[in-house]
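Work through the exercises below with the structure in view. Each task is followed by its solution.

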Amino acid sequence: MNTRSHYDVVIIGAGMAGLAAGIRLAHFGREVCIFERHNAVGGLNGFYSRDGRRYDVGLHALTNYVPPGVKGTPLTKLLRQLRIDRDELALRGQVGSRIAFGPGVADLRFTNDFQMLEAEVARAFPAQIDGFRALVAAVRAHDEVSLAAAPASAREVVRRHLSDPLLEDMLFCPVMFYGSPTERDMDFSQFVILFKALFLEGFARPAEGVRRILRVLLAKYREAGGERRMKCGVRRIVLRDGRAAGVELDDGALITADHVLSSAGAPETEALLSAGGLPTPRPTAPGRLSFVETISVLDRPPAALGWAGDTIVFFSEGRRFDYVCPAAPVDVRSGVICLPNNFAYEPGEALAEGWFRVTSLARPEDWAAWPEPEYRARKQEWFGAVQASARRFLPPVPDADLAAATVATDMFTPRTITRFTGHQRGAVYGSGVKHRRGLTAAPNVYLCGTDQGFLGIVGAMLSGISMANHHILQRG
Amino acid sequence: MTKDDCKKLVLDIIADIAPDEDLTNVRPDVRLRDQLQLDSMDFLDIVMELRKRHGIEVPEADYLQLASLDSCAEYLTPKFNALPARG
């Protein structure tokens with residue numbers, strides 16, 4: 001039982017960022033404790049059990065995947081910084097993914113070999129290939145992790161190189177779905193982080209899903225001497241003379257600390273500071289983008305239904321892609337299909353059941369407001385609409401065949417996300433305004449995680465690492 | 001401690017920080033950065049592991065002294081020898 005009342009560092013939230021920061025700090029001898037309100041670790045990338053089955057939340061695929069021997073990328077930096085042997089994560093590469101507009105307007109396939117996407121662009125958009133290559137050169141040359149990068153419109157930079165709006169939207173579709181906290185456009189540095197993570201690097205997944213990654217992180221953290229307290233939320237940051245003196249927990253207990261590292265999100269951390277008497281002069285607005293996800297568990301692998309070739313499909317109806325908070329509860333016109341069986345697992349690793357997941361944009365206000373019976377009814381209604389829309393972009397399967405193969409379903413919504421992660425408005429990618437340096441109104445309270453601005457789960461972990469290094473370890 | 005002992009301790013640290021690097025033929029007179037893929041995060045880790053494992057402090061102004069194994073040995077060996085004997 002962890003019962004101390006003082007730590008060198010208190011970390012708020014046991015997601016990827018908080019755990020990674022904790023490993024660094026504990027490894028270098030800091031007395032550190034992670035406080036998590038929920039009863040499970042993982043935050044936006046966790047898992048839950050229902051009827052004896054484990055469901056992943058968030059993670060479709062680990063992005064930033066590079067094969068052994070490739071160095072200097074986010075994944076290898078992360079493995080080194082956390083002293084993780086890459087075999088511990090048991091990552092297996094994707095089979096292949098696709099950007100599909102129409103259906104029937106255009107398809108671009110991509111794999112973990114970037115040449116595939118380049119060849120596909122040359123095939124489908126021959127007049128754009130030189131511009132595409134120039135864009136890729138600009139992406140490669142950009143220092144996206146600089147803590148001092150000036151903001152720039154990604155749309156403007158991309159349009160300098162590409163003149164076909166269809167290709168532009170096809171490239172933005174996966175990039176935005178996998179991490180843009182802003183509607184329509186995004187900061188160029190964030191575009192670069194995601195473009196590299198998705199296309200120049202790639203997708204992988206452990207056969208056990210996110211649990212494997214979390215188990216490795218928890219083991220490292222425990223071995224390094226880090227403590228954590230679950231079902232133990234922080235309700236305010238306690239301030240003295242403008243600095244954090246510690247945190248007050250949900251049960252009223254007071255924990256003192258020299259530093260507080262918060263992965264709760266920028267608006268959420270500002271609320272904790274405000275509750276302690278230190279309002280933030282210009283508060284950060286919560287993000288506007290949230291999602292629903294439908295999950296079908298199948299009695300056979302998706303390949304048995306004819307869905308063998310796709311790991312992830314990013315789809316949009318027609319020729320355009322609207323990445324905005326929808327006017328309806330869900331925007332079924334676009335989405336992301338994930339078939340987690342379609343990774344190159346080793347013999348014996350094949351998943352016991354089939355999985356078919358579809359993610360689409362959703363409006364959090366609706367999902368938050370409905371009383372429970374209506375909420376349930378709406379979930380059922382939209383489940384069907386989301387899946388029907390997505391299936392237009394997969395090889396056809398008769399409704400009756402899919403129904404016969406389905407053994408269980410579930411769906412999460414913006415309401416679920418807020419309930420389990422504390423993120424206001426179910427904002428999966430956090431606020432539209434990122435705080436690269438991780439600074440807050442209090443000099444010894446820092447942000448890490450999605451609102452610090454490195455994206456994806458590798459980005460989340462690197463965020464925790466960078467903030468722990470920069471604000472705490474490097475200061476000696 | 002000899003300078004060769006010191007180089008071995010530094011190599012042990014690098015082996016733990018960057019297990020994906022081949023350290024069998026590291027040349028002591030060539031900058032580490034020029035023969036291994038080490039970035040500023042890795043150098044920070046060398047400094048922090050020296051402190052954690054051996055109680056050696058390397059102030060930021062002296063980071064350049066860690067450029068090669070030879071310069072590490074020149075700079076660190078006297079620091080090791082000045083440590084109080086461990087009991």
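**Exercise 1: the build of chain A**

Of the 476 residues in chain A, 52% are buried, where buried means 20 or more other C-beta atoms, placed from the backbone, within 10 Å of the residue's own. The model is predicted, local features need pLDDT of at least 70, side-chain atom pairs count only at pLDDT 80 or more, and totals for chains, interfaces and linings use all residues. Residues are numbered from 1 along each chain as its sequence is written, while chains are lettered from A and ligands numbered from 1 in the order in which they are written.

Task: state how many helices and strands chain A has, and why it counts as compact.

Step 1. Chain A has 15 helices and 18 strands, taken as DSSP runs (helices H or I, at least four residues; strands E, at least two) and numbered from the N terminus.

Step 2. Its radius of gyration is 22 Å, close to the 23 Å of the globule rule for 476 residues, so chain A is as compact as a globular protein of that length. The radius is taken over C-alpha atoms, and the rule is 2.2 Å times the number of residues to the power 0.38.

**Exercise 2: where chain B touches chain A**

Task: find which element of chain B gives the largest share of the side that touches chain A.

Step 1. Twelve residues of chain B contact 13 residues of chain A (C-beta atoms, placed from the backbone, within 7 Å).

Step 2. Two or more residues come from each of α1 (3-17) and α3 (40-54) of chain B.

Step 3. The largest share, five residues, belongs to α3(B).

Methods
A residue is buried if 20 or more other C-beta atoms lie within 10 Å of its own, exposed if 12 or fewer, and partly exposed in between; C-beta atoms are placed from the backbone. Two residues are in contact if their C-beta atoms, placed from the backbone, lie within 7 Å.
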